[in-house]
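Dear colleague,

I am passing on the structure we spoke about, with the sequence alongside.

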Amino acid sequence: MIMIKGAVGKKKYKEPFSKGIMARSLYITDLGYDKSYEIATCIENKLLEENISEISIEDLAIFVTNYLKNYVDPVLAEKYIKWRNVRKSKEPLIILIGGASGVGTSSMAFELASRLGLKNLISTDMIREVMRKIVSQELSPVIHKSSFNAYESIRTPLLGPDPVVEGFISHVDVVNVGVEAVIERALKEGISIIIEGVHIVPGFIKEDLIRKSNVILFTLIVRDENTHKSRFYSRCRQPWVKRSLDNYLSNFHLIRKTQSFMIDQAIKHNSKIIDNVDVTYTIDIMVNDIIEKYGGSYDVKQESKRNNDN
Ligand SMILES: Nc1ncnc2c1ncn2[C@@H]1O[C@H](COP(=O)(O)OP(=O)(O)OP(=O)(O)O)[C@@H](O)[C@H]1O
Ligand SMILES: O=C(O)[C@@H](CO)OP(=O)(O)O
């Protein structure tokens, strides 16, 4: 059996090498579960071949990086080490995924959480639901509507040419208070989290939060109208889904307007836009962006030197 040596603060511990845990950490490199497990098995065999029965967690990471570099693919080695840097960071990762109704924010957030092994995921619809219990319809009628038809509840005189966009802005502005509270709590507790939904819009979240280096925002869109429309059919196909297909189809032109507004905001604030047509493409872009932004530099020798110095 191969034992892995690690430390939490000054406390040292040992645990047996687990192919499952190793496969999980390789999964980030987009190898897929089966291939990750296969490589984890090869790594275990290689350790045994080299008569390594005990290894520190840092040396294991170097061993894995070199294995990927020499026997699999140097690009994957780089991804692996960069993701490791992200995981070792002292700050939690706050991933915000916005997009108009139906573009796939909840599906992509779930996929991304699974790829990154993140356990915390919340939808802004749920935040809004809690807020609806606290803030009466009289006080804030807009949040008791959908984002795309909130304009029907605007009480103040219209300021611009498009009531739909104005309703959307008022709606997002209120729910954003709850979104910011979740971000602040996650930062305070040190919890990595994904927050997704229509209420994540560039330009609405406080500057001091969005500028933090560990907060990243993606705006998902579906540029093609027919593809976007078909998403409502696929969403309503499951028998347990209670949201009415007709409601989204009859309001589709309003939903598209909210998407156009989100695109304008993302461009204005220099924020990433992803056309969510293909799941693999969307997740790969998000993963690559995250590891490029937070993964630091890829330097195995540096890590090796650090270990020798310790
Ligand atoms: N890249 C994709 N390729 C194919 N289908 C997708 C993709 N992304 C999402 N879908 C499908 O589109 C439908 C709508 O997605 P989802 O429910 O995630 O949207 P949403 O943006 O969360 O909507 P809402 O904000 O209204 O809840 C789902 O059936 C989902 O499986
Ligand atoms: O407000 C909206 O656009 C959607 C987002 O999911 O919510 P609901 O369908 O509950 O109105």
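The mean pLDDT of the chain is 92, and 95% of its residues reach 70 or more. The stretch to treat with caution is residues 305–310, over which pLDDT stays under 50 and for which the model has 4 contacts beyond four places in sequence. Where pLDDT is low, the predicted coordinates should not be read in detail.

On the overall build, the chain has 13 helices and 8 strands, and its C-alpha atoms fill a box of roughly 75 × 40 × 35 Å along the principal axes. Of its 310 residues, 47% count as buried. Among the contacts between residues at least 6 apart in sequence, 69% join residues that are at least 24 apart.

Turning to the helices, H3 covers residues 57–72, and its 16 residues reach 21 Å from the first C-alpha to the last, close to the 22 Å expected at 1.5 Å a residue. Its buried residues are Leu60, Ala61, Ile62, Phe63, Val64, Thr65, Tyr67 and Leu68. The axes of H3 and helix H4 (residues 74–88) come within 7 Å and cross at roughly 160 degrees, which means that H3 is roughly antiparallel to H4, since the angle is over 145 degrees. On the H3 side the contact involves Ile57, Glu58, Ala61, Val64, Thr65, Leu68, Lys69 and Val72, and these meet Pro74, Leu76, Ala77, Tyr80, Ile81 and Arg84 in H4. Sorted by class, this contact has 10 nonpolar, 1 polar and 3 charged residues.

A second pair is formed by helix H6 (residues 124–134) and helix H7 (residues 163–189), whose axes come within 9 Å and cross at roughly 100 degrees. That angle falls in the range of 65 to 115 degrees, so H6 is roughly perpendicular to H7. Here Thr124, Ile127, Arg128 and Met131 of H6 meet His171, Val174, Val175, Val177, Gly178, Val179 and Val182 of H7, and by class the contact has 7 nonpolar, 3 polar and 1 charged residues.

Helix H12 (residues 279–294) has 16 residues and reaches 23 Å from its first C-alpha to its last, close to the 22 Å expected at 1.5 Å a residue. The residues of H12 that are buried are Thr282, Ile283, Ile285, Met286, Val287, Ile290, Ile291 and Tyr294, and they pack against H4, E4, H5, strand E7 (215–221) and strand E8 (272–275).

Finally, the two serines. Ser101 lies in the loop between strand E4 (94–98) and helix H5 (105–116), and it counts as buried because its relative accessible area is 13%, which is under 20%. Leaving aside residues up to four places away in sequence, Ser101 touches Phe148, Val198, His228, Phe232, Arg235, Tyr248 and Ile255. Ser250 and Lys10 are 240 residues apart in sequence and, C-alpha to C-alpha, 61 Å apart in space.

Methods:
Residues are numbered from 1 along each chain as its sequence is written. Chains are lettered from A and ligands numbered from 1 in the order in which they are written. This is a predicted model: local features need pLDDT of at least 70, side-chain atom pairs count only at pLDDT 80 or more; totals for chains, interfaces and linings use all residues. Side-chain values use heavy atoms; hydrogens and water are left out. Helices (H or I, at least four residues) and strands (E, at least two) are DSSP runs, numbered from the N terminus. The expected span of a helix is 1.5 Å times one less than its number of residues. Buried means under 20% relative accessible area, exposed over 50%, partly exposed in between (1.4 Å probe, protein chains only). Axes are lines fitted to C-alpha atoms, for helices over the stretch in contact, and angles run from 0 to 180 degrees between N-to-C directions. Angles under 35 degrees count as roughly parallel, over 145 as roughly antiparallel, 65 to 115 as roughly perpendicular and the rest as oblique. Contact means heavy atoms within 4.5 Å. Ala, Val, Leu, Ile, Met, Phe, Trp, Tyr, Cys and Pro count as nonpolar, Asp, Glu, Lys and Arg as charged, and the others, Gly among them, as polar. pLDDT is the predictor's confidence in each residue, from 0 to 100.
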